[in-house]
Amino acid sequence: MNRFFVILSFFVASHLQAQQTDYVDFKTAKAQLSIVPEKQAVSGFIEYEFKILKPVDSVFIDAVNMKFQTVYLENKKISYSNDGKKLWVKHDFKPDSIYKLSFNYDAFPKKAMYFIDWDADGGNKQIWTQGQGKYTSNWLPSIDDMNDKMEFDLTITFNKDYEVISNGKLTNKQINDSTITWHYDMQQPMSSYLVALAIGKYHKRAETSKSGIPLELYYYPEDSLKFEPTYRYTKQIFDFLETEIGVPYPWQNYKQVPVKDFLYAGMENTGTTIFADSFVIDSIAFIDKNYVNVNAHELAHQWFGNLVTETSGIHHWLQEGFATYYALLAEKAVFGDDYYYWQLYQYAQELLEQDKAGESTSLLDPKSSSTTFYKKGALVLHLLREKVGDEAFKKGIKNYLLKHPFKNVGTNDFISEVEKTSGQNLKPFVDFWLVDKQFHYEAVLGSLEKSPFIQDYLKVDCETNAEKCAHYLSSNISDEAKIKVILQQPNLIKVKDFQNGIKVRQAITMHLAQIPSELKTAYESLLNDESYVTIEKALFHLWLNFPHERKKYLSQTKGIQGFNDKNIRTLWLALTLLTADFEPENKQMYFQELTNYTNPVYGFEIRQNAFLYLQEIKACNDACKENLNQATTHHSWQFSKFAKTMLEQLNSN
Ligand SMILES: [Zn+2]
């Protein structure tokens, strides 16, 4: 097919699609759903209310591969057409009138709704949804265009052994014979990509924000000990953001739900954030990998993204840049100023790398990378605040939100408010930071250098002169500066440098792979650090460097699992299988355990580690290969790509 024809028809189609909002304004959708997970089927009855803005002869609802029955307009049966993407109804619609449309539907969603472990023996049976980038209209007939916001009230009937979580307030839980019917009520409208459903076995604990909003925090029944480290600072973050933004939290309550094999770190569905259960952690894991940033980011979206939503991808930074910036402000309140400046400095480095690769784009380019939308967006807000001052910035933010609540916005809606509160002409700022493709690194650095922490960090430079740096690792410079020294001159490390804190010791573990014999004892002490990253690296490096001590190291680390991806346990199993004289009688059992971790009942992060180690030790047997084959169809594209690549490698050997 001619490529130009394809492009042209795409533009025509999207143009027509965008137009429905000019004629029709959907107000409410009340849906009653039931789900049969074994068949991956959803069926339901929906009733919509919409207002006609201009005379029009047809109205559509996005609905992917669905079947419809009993389609009624104003309580009268109406004929309809279904092209597999949309349901169309024809009628002489009159302006300023409100219409009711209702129907029954059946769907077998291929994406946007995911059925986890229902065909497995064991595992963690769940159903969860992901609207952004996938379209809710795969499981719930709705309007894909995010400019048509409506109030969605979902009622779901499901097996009574499971919790059912959706947007809004649970107003009724009706207990039937073998099922429960859950009634959720929203009071304000949202774009359809923010509608969510999560079903699984959960417990929950509730807190209340300073302003009285219920915070409902879900967790797996077996994870009660991980609850505190996982949700650490949740209430503090919530109270901070509400005060900082200056506009009350817009929704009735706030729920957070971990799910298995999620597609991203987290998703800010309205009042109902869903996040990857790899963030459900114990207090040792907290040091290296915690939920704080994602927690704050998704919460910030409840204002920036959900209360005010971009009109199109051109303004995507109004969602991601703002969520990234406000998450960082919340973290600053928890971890301090140095942390804040350090993160911004890291963002700037990433953007500089992107710039050097010739991949910089305008912040207003809808095809920009995540690095640009999230990190340049956050830096731009930091710089804007510096330019106009705290007061004008905060007042501008507040006015911007209060002027467009539950509506859609563009960049100008924001900038014009800050122009008003600051009395400044921001066109030069917008041209330089938002429109211009180039990333102005020097100008960013000029701002970040106001932090004494960043100044000290930049002063430390051991690339050319190792001698003058010999004392640094035992001086009182920051951990980050010491880590820079370790990266530049790992050969400077002395026994006394192991007296540093956990982060510097971790950097030693990561970057000192060849262990001089005089450092052996000090290095062995790393196996006792409260960091799963440090223990994993230290075990591996010690095992490699000192073959006659392998049994000792394996005995010492036996039973440590590590992060949720079992980073330490899977490494330990692989090393054990390679160490002939360590527990020879248990080799078969350990091999079985490592192979078992490739099974779909485990999360894909564990499976990936197990696959990698089995490949490394050339022991991917038939069971492993069968699981690998199954993994090639996994809904996470990164994991399925990994599985396909590994399968090809195995087959070519
Ligand atoms: Zn985000």
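The side chains of Arg505 and Asp529 meet in a salt bridge, with 2.8 Å from N to O; a salt bridge is a side-chain nitrogen of Lys or Arg within 4 Å of a carboxyl oxygen of Asp or Glu. Arg505 lies in helix H15, whereas Asp529 lies in the loop between helix H16 (520–524) and helix H17 (532–545), 24 residues apart. Helices (H or I, at least four residues) and strands (E, at least two) are DSSP runs, numbered from the N terminus. Arg505 is buried, with a relative accessible area of 10%, and Asp529 is buried at 11%. Buried means under 20% relative accessible area, exposed over 50%, and partly exposed in between (1.4 Å probe, protein chains only).

The model is predicted: local features need pLDDT of at least 70 and side-chain atom pairs count only at pLDDT 80 or more, while totals for chains, interfaces and linings use all residues. Residues are numbered from 1 along each chain as its sequence is written, and side-chain values use heavy atoms, with hydrogens and water left out.

Helix H15 (residues 502–511) also contains His511. His511 is partly exposed, with a relative accessible area of 35%. Apart from neighbours within four places in sequence, His511 is in contact (heavy atoms within 4.5 Å) with Ile486, Leu487 and Pro490.

A search of the whole structure finds 26 salt bridges. One of them joins Asp153 and Lys30 at 3.2 Å, N to O. Asp153 is in strand S11 and Lys30 in strand S1, so this pair ties together parts that are 123 residues apart in sequence. Asp153 is buried at 9% relative accessible area, whereas Lys30 is partly exposed at 42%. Another salt bridge is formed by Asp62 and Lys86, whose closest N and O atoms are 3.4 Å apart. Asp62 belongs to strand S3 (residues 56–62) and Lys86 to strand S7 (residues 86–93), so parts 24 residues apart in sequence are tied together. Asp62 is buried at 2% relative accessibility, and Lys86 is buried at 13%.

Strands S1 and S11 belong to an open sheet of 8 strands in the order S5-S4-S8-S2-S1-S11-S14-S13, with mixed pairing. Two strands pair if DSSP finds at least two bridges between them. The edge strands, S5 (76–77) and S13 (169–175), each pair on one side only. Strand S1 (residues 24–36) runs antiparallel to strand S2 (residues 41–52) over 12 bridges, and Ser34 stands opposite Ser43 in S2. The two strands form a hairpin with 4 residues between them, and Gln40 in the turn has a positive phi of about 55°. By contrast, S1 and strand S11 (residues 151–159) run parallel and are joined by 7 bridges; the partner of Leu33 in S11 is Ile156. S13 and strand S14 (residues 179–185) run antiparallel, joined by 6 bridges, with Lys169 opposite Asp185 in S14.

His301 is in helix H5 and Glu320 in helix H6 (residues 317–335), 19 residues apart. Both His301 and Glu320 are buried. In helix H5 (residues 292–301), 9 of the 10 residues are buried, so the helix is largely enclosed by the rest of the structure.
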